[in-house]
Amino acid sequence: MAKFVIAGRADCPYYAKTELLADYLQKNLPDFQIYKITQHPDVWEEWLKDVCEKNKWNHKKSPIIWRELLDRGGKGLLLGGYNEFLEHAQLYYDVTSNMMTELMMVIAHENLEAHIEKELEKETQKDLISPLQVWITSATSPACYNLLPILTSGEVFGMQTEISLTLFDKEQSEELLKSLVMETQDLASPVLRRVSSCTTEKYAFHQAHVVIILDDSTEEEVYGLEECLRSKVPLCRLYGNLIEKNAHESVRVIVGGKTFVNLKTVLLMMNAPSIAHNIIAVALGVEGQAKAAIARKLKTTASCIKDVIIWGNISGNNYVDLRKTRVYKYDSAIWGPPEFSRPVLDVIFDSEWVKREFVMTIKSLTSTGKQFGRILASHSIATTLKYWYHGSPPGEIVSLGVLSEGQFGIPEGIVFSMPVKFENGTWVVLTDLPDVEISQQIMTRMTSDLIQEKLVALGDMLTFQPYHSETELSLRDRRLSLASTDDKQEEQSDHQDSIFSDQAPDDEKDAVLSDAEIANMARQDRSRKVGQRNRLRKPS
């Protein structure tokens, strides 16, 4: 019995002619069997190369035909291409093909359409049994190393959900990606069906159910804030278009990191409009930092602090709202069952700490990214995903960066962190919370920066102008006035300058310089100039 394997490119006219001739032989010869392998034009060359390397054949064109040895097994015997098969049919079976070129082209086109339709059917069937497709961008970034063990542990999507991980990064990172793939395989996770890497942009996010956007590592030197903002546009445009084109229609995109999180999220939404409602920004990192700072002050654990609300720019100018924050299991004069809690603002008696030190600590951490390491970043992303799929704890407030629709008086069209809850596989903004109104000055400060970031990034504004309240502008004018006065005094004789400096009492200096920052800056400037004069007067 003769069994021939006929493989070819779906749009190849010679494959179409070979296929029809083989069908005729199989129909009319009882001992003649064929097996067809049709490949999409995009993958044909790679497939052919693998087959030839495996069998040590030398063949470059479509189709390729070989004979299987059914009676004894082993490696097949290469027959060749279309011409060799036609000669074989004429010599052994006295059968030939007289198909015209025009008809060959028509059949080849039909073959390609049929192949694409068949592949789509296969993909549909796979979706019924296929694992959850999870893609991670900038996979060689430090946060990914901590994120992978959490995702493969079963804590995020559940032990009953198998996942397929694809690590995506630049082509220069291919070797690092291969190493990371092997390490992930070594975890031997029961929920991990498959892990692979990808460096080809056109294949990115194929049928992705979850896309995790991590901080991108740029090798280009950026000189200013405006240039840095504009540098985010090309990558977000690329990712957005690829997600829109390749990802599953129900894909969920989560943006994490410590730089321009809100901006990257809104840029992705602009370039992937059909799934914009499923793109969110992670704010749990800042929320965790605030909880830890409060826990240290109260000498308790951060897990006992609940309902901290982060408003505004996740990685920039935000407002940490403690008006709804409560502390559980707190060691104080009032005790209760595990579900008993007390308002944090009633427990912290040092109001100055809340207004000054706490605010400055969180502002420093979010504006500089300090202490926002890979552990915190990965845990925040994993927890947000867990809430998205399984719901947040009942009654608990969660902060999340979402596209504003005018809630709480926030301008539309910007991504803004606000209080939400997760339920039934989606999130809901908690617009019914009582007593969460934000002052106009704080709201203007936060929204102004976010609007300007977006305008500068898109090229609609040339320079970024940080928002300054009337109080700050007044203090700045006083600082300039003070600096001018100091310059005039220093132009007088050194002796006179020394007398006035020594006679100025400390309490009067404090009264004039009510803002500590202004006083420090003026004092440092004066010391620097005095030092310069002393060096000039020093004899050689």
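The following paragraphs lead through selected parts of this structure, from its overall make-up to individual residues and their surroundings. The model is a predicted one.

The protein has 540 residues, and 45% of them count as buried. Its secondary structure comprises 17 helices and 18 strands. Among the contacts with a sequence separation of 6 or more, 68% are made by residues 24 or more positions apart.

Is Ser 62 buried or exposed? Its relative accessibility is 12%, and because buried means under 20%, Ser 62 counts as buried. Apart from neighbours within four places in sequence, the residues in contact with Ser 62 are Gly 8, Arg 9, Cys 12, Tyr 14, Tyr 15 and Trp 44. With Arg 9 there is a polar contact: a polar atom of the Ser 62 side chain lies 2.9 Å from the backbone nitrogen of Arg 9. Ala 10 is 52 residues away from Ser 62 in sequence, yet the two C-alpha atoms are 9.3 Å apart in space.

Helix H6 shows how the two sides of a helix can be set apart by their burial. The helix covers residues 174-186, 13 residues in total, and extends 19 Å from its first C-alpha to its last, close to the 18 Å expected at 1.5 Å a residue. Its buried residues include Leu 177, Leu 180, Val 181 and Thr 184. Viewed down the axis of H6, the buried residues fall within an arc of 105°, and they therefore line one face of the helix. Glu 175, Met 182 and Asp 186, on the other side of H6, are exposed. Which elements cover the buried residues of H6? Among them are helix H5 (142-151), strand S6 (163-168) and strand S7 (192-198). Just after the helix, Ala 188 adopts a positive phi of about 50°.

Asn 262 belongs to helix H8, which spans residues 261-271. With a relative accessible area of 1%, Asn 262 is buried. Beyond its neighbours within four places in sequence, Asn 262 is in contact with Gly 312, Asn 313, Ile 314 and Ser 315, with Val 415, Phe 416 and Ser 417, and with Leu 450. The backbone oxygen of Gly 312 is reached at 3.2 Å, and the backbone nitrogen of Ile 314 lies 2.9 Å from a polar atom of the Asn 262 side chain. Ser 315 is 53 residues from Asn 262 along the chain, and their C-alpha atoms are separated by 7.5 Å.

The aromatic residues form a further set of links. A pair of aromatic rings is described by the distance of the centres and the angle of the planes. The count comes to 16 aromatic pairs in this structure. In one of them, the ring centres of Phe 205 and Tyr 239 are 5.7 Å apart and the planes stand at 90°, so the pair is edge-to-face. Phe 205 lies in the loop between S7 and strand S8 (210-213), whereas Tyr 239 lies in helix H7 (residues 225-246); the pair thus joins distant parts of the chain, 34 residues apart. Phe 205 and Tyr 239 are both buried. Tyr 387 and Phe 422 make another pair, tilted in this case, with 6.2 Å from centre to centre and 45° between the planes. This pair also links distant parts of the chain, as Tyr 387 is in helix H12 and Phe 422 in strand S17 (residues 415-423), 35 residues apart. Both of these residues are buried. Elsewhere, Phe 4, Phe 32, Phe 85, Tyr 92 and Tyr 93 form one aromatic cluster.

Helix H12 (residues 374-390) also holds Thr 384. At 2% relative accessibility, Thr 384 counts as buried. Its contacts, leaving aside neighbours within four places in sequence, are Ile 254, Ile 280, Val 282, Leu 284, Leu 400 and Phe 422. Phe 422 is thus in contact with Thr 384 and is also the ring partner of Tyr 387. Finally, Arg 252 lies over the face of Tyr 389, at 4.2 Å from the ring centre.

Technical notes: Residues numbered from 1 in each chain as written. Predicted model: local features only at pLDDT ≥ 70, side-chain atom pairs only at ≥ 80, totals over all residues. Heavy atoms only, no water. Buried < 20%, exposed > 50% of the residue type's maximum accessible area, 1.4 Å probe, protein only. Contact = heavy atoms within 4.5 Å. Polar contact = N/O pair within 3.5 Å; in protein donor to acceptor, adjacent residues only side chain to side chain. Helix = DSSP H or I, 4+ residues; strand = E, 2+ residues; numbered from the N terminus. Expected span 1.5 Å × (residues − 1). Arc of directions from axis to C-beta. Phe/Tyr/Trp six-rings, centres within 6.5 Å; stacked < 30°, edge-to-face > 60°. Lys NZ or Arg CZ within 6 Å of the ring centre and 35° of its normal.
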